[in-house]
Amino acid sequence: MRRYAINILLCAAALALVGLAQADMLDKYVLTVITFMGINCIFAVSLNLVNGYMGEFSCGHGGFMCVGAYVGSLLSVAFFTDSKLFGAPLFAPELAPFLFPLVLLGASLAAALAGLLVALPSFHTRDDYLAIITIAANYIIISIVENIDAIGGPRGFSGMKKAVNAMSDFADCPWMLIWTLIGVAVCVMTVYRLMTSTYGKGVSAVCQNEVAAEIMGVDTNRVKIMAFMVSSGLGGLAGALYAHVYGYVNAQSFNLLKSTEGLVMVYLGGMGSISGVLMAAVAFTLLVEALRFVIPWLNDGLHALSLLPAGYELSQIWKWVIIPLTLILLMQFRPEGFLGNRELTQVFPRLKRWITLK
Amino acid sequence: MLRVSNLKAAYGKIEALHGISFHVDKGEIVTLIGANGAGKSTALKALMRLPPPESPVVTGGDIAFDGVSILDMPAHRVVSDIRMTLAPEGRRIFGNLTVMENLQLASWSRKGENTDKEIRRIFDLFPRLAERARQRSDTLSGGEQQMLAVGRALMTECSVLLLDEPSMGLAPLIMYDMFRTLKKLNAEGLTIIVVEQNARLALQVADRGYVLDTGEIVAEGLAEELLHKPEIKAAYLGG
């Protein structure tokens, strides 16, 4: 029993969160921030599989999120809503709460497939070259989406809100929070189980030394492609959730800046540490949100001290100065991130008695 | 068992092996000796079918195992199907893993089987590794790292072991120990191909030897004979 203490605690916390949201005791804004925390967790933990555990440098994770977001949106619009694009819904809208996992699965599979398309030609190269190829892939995916007029092109795509509403009509619950929490659990378990499996050992071997891995009998190409597909698939899951939380998607939301956010979270948390990256994803989301309030304060404060010229107002754009600056300071003083390549249970071995991940 | 015929191998446009032929029978220790740049390591990498650019591309000739060409096999299949593996030059152990984890990783091709027995066998062979089982492997001494590289190769349950410069950077005593262990493994049925700078030592342990010079085989024969050939003595054994 004791071995499940933390598991039970986490489940209870998730249930409490859903309960609070259900009872309308959570501010809508707070609820949205919490949901985005979850999405960022999925996004970062999945990227960590490639950039942390496998030691490659993928810079285009946002692209896979984009694929997931659009495919997920299209699926749920086709499945549950009456739309110009697909006509009558394929399923009765009452089925939405039960079939929504299919939407998420479809989005993940599509993103994994996109991952395969990128991985196949590019995994003969490594390091800088792979980084460049993934950046290019990110751009290509966005350009493709922006040039398909049927799904809105640069105007973006919407209509998923109706599918979410269909779920709410069935039962009035904070559906997207529930799906996001389930998504985080699925993502963490997938990555954890994968990394503790024999395949995971292959991933570590590839990270360490590809030639050595090969002479140990590891099919390095297969291992790399498989890990990349799982990673991009989970990135797609994050995208599908994101699209449904917002109710609107635009390809530019998934540009290089998004990919960079993922990198920041992974390096902040520690490469190859699920718990570290989870902490980083939560901290990063909080930091970004906190700056919404801090920057105006800072602006007022600096004006009061007349340190800023009278006509100049600090805008929210400064967020993108402060966040990278945080990253630079972090790399200076703690380059291994919060936890390095260790898990929380390795930093505090006593935790092991309270948690079961099998 | 292993037959290399007229093998040509190149790094890009530079041909490193100009058509070498040799064979290895089951249960033998065969050594390839020669000066720096003679193509010894290149031959082993080609045998292992390791991917370029670090390893050469075979441009001609054939490598056959039990009569079947292995030229189309990737390295991991040479390990899992042919049961041949390499303890590479410079060891290439997984530095930030412990000794134990290194050995466990090496049993990758045997997915999930219990490997305690094999690990115990490695520890019997190299008792020093047992003492250091929980230590990060990049903190080991050079000799211990070489033991780990050999132990790790043996964890793949290979029947043919290729060794690239196992004596590199080792003190003479440890070097002799290493070769004694190889001899012992050979007596238990392991076929060994060893590439060595220390030609005298290699020829003392081996059954047969091939002498390479700038990508060609210039002499071959029983190790005993090579040891006493005047021209070999002069060129490779220091008179």
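In strand E4 of chain B, B:Phe65 is the bridge partner of B:Leu2. That pairing is a handy way into this predicted model, where local features need pLDDT of at least 70, side-chain atom pairs count only at pLDDT 80 or more, and totals for chains, interfaces and linings use all residues. Residues are numbered from 1 along each chain as its sequence is written, while chains are lettered from A and ligands numbered from 1 in the order in which they are written. Helices (H or I, at least four residues) and strands (E, at least two) are DSSP runs, numbered from the N terminus.

**Strands of chain B**
- Strand E1 (residues 2-11) runs antiparallel to strand E4 (residues 57-65), with 7 bridges joining them; strands count as paired if DSSP finds at least two bridges between them.
- E1(B) is also antiparallel to strand E2 (residues 14-24), this time through 8 bridges.
- Opposite B:Ala10 you'll find B:Glu15 of E2(B).
- The hairpin of E1(B) and E2(B) has 2 residues between its strands, and B:Gly12 takes a positive phi near 60° there.

**Where chain A meets chain B**
- On the chain A side 15 residues are in contact with 19 residues of chain B, contact being C-beta atoms, placed from the backbone, within 7 Å.
- Helices H8 (198-208) and H9 (210-215) of chain A each supply at least two residues of that side.
- H8(A) gives the most, with 6 residues.
- By class, the chain A side splits into 6 nonpolar, 6 polar and 3 charged residues; Ala, Val, Leu, Ile, Met, Phe, Trp, Tyr, Cys and Pro count as nonpolar, Asp, Glu, Lys and Arg as charged, and the others, Gly among them, as polar.

**H12 and H13 of chain A**
- The axes of H12 (residues 274-304) and H13 (residues 319-333) come within 10 Å and cross at roughly 130°; axes are lines fitted to C-alpha atoms over the stretch in contact, with angles from 0 to 180 degrees between N-to-C directions.
- H12(A) contributes A:Leu287, A:Val288, A:Leu291 and A:Ile295 to the contact, and H13(A) contributes A:Lys319, A:Ile322 and A:Ile323.
- Those contact residues divide into 6 nonpolar, no polar and 1 charged.

**A:Ala111**
- A:Ala111 sits in helix H4 (residues 96-122) of chain A.
- It counts as buried because it has 34 C-beta neighbours inside 10 Å; the cut-off for buried is 20 or more other C-beta atoms within 10 Å, with C-beta atoms placed from the backbone.
- Not counting residues up to four places away in sequence, A:Ala111 touches several residues, among them A:Phe64, A:Val67, A:Ser232 and A:Gly239.

Terms used: Two residues are in contact if their C-beta atoms, placed from the backbone, lie within 7 Å. A residue is buried if 20 or more other C-beta atoms lie within 10 Å of its own, exposed if 12 or fewer, and partly exposed in between; C-beta atoms are placed from the backbone.
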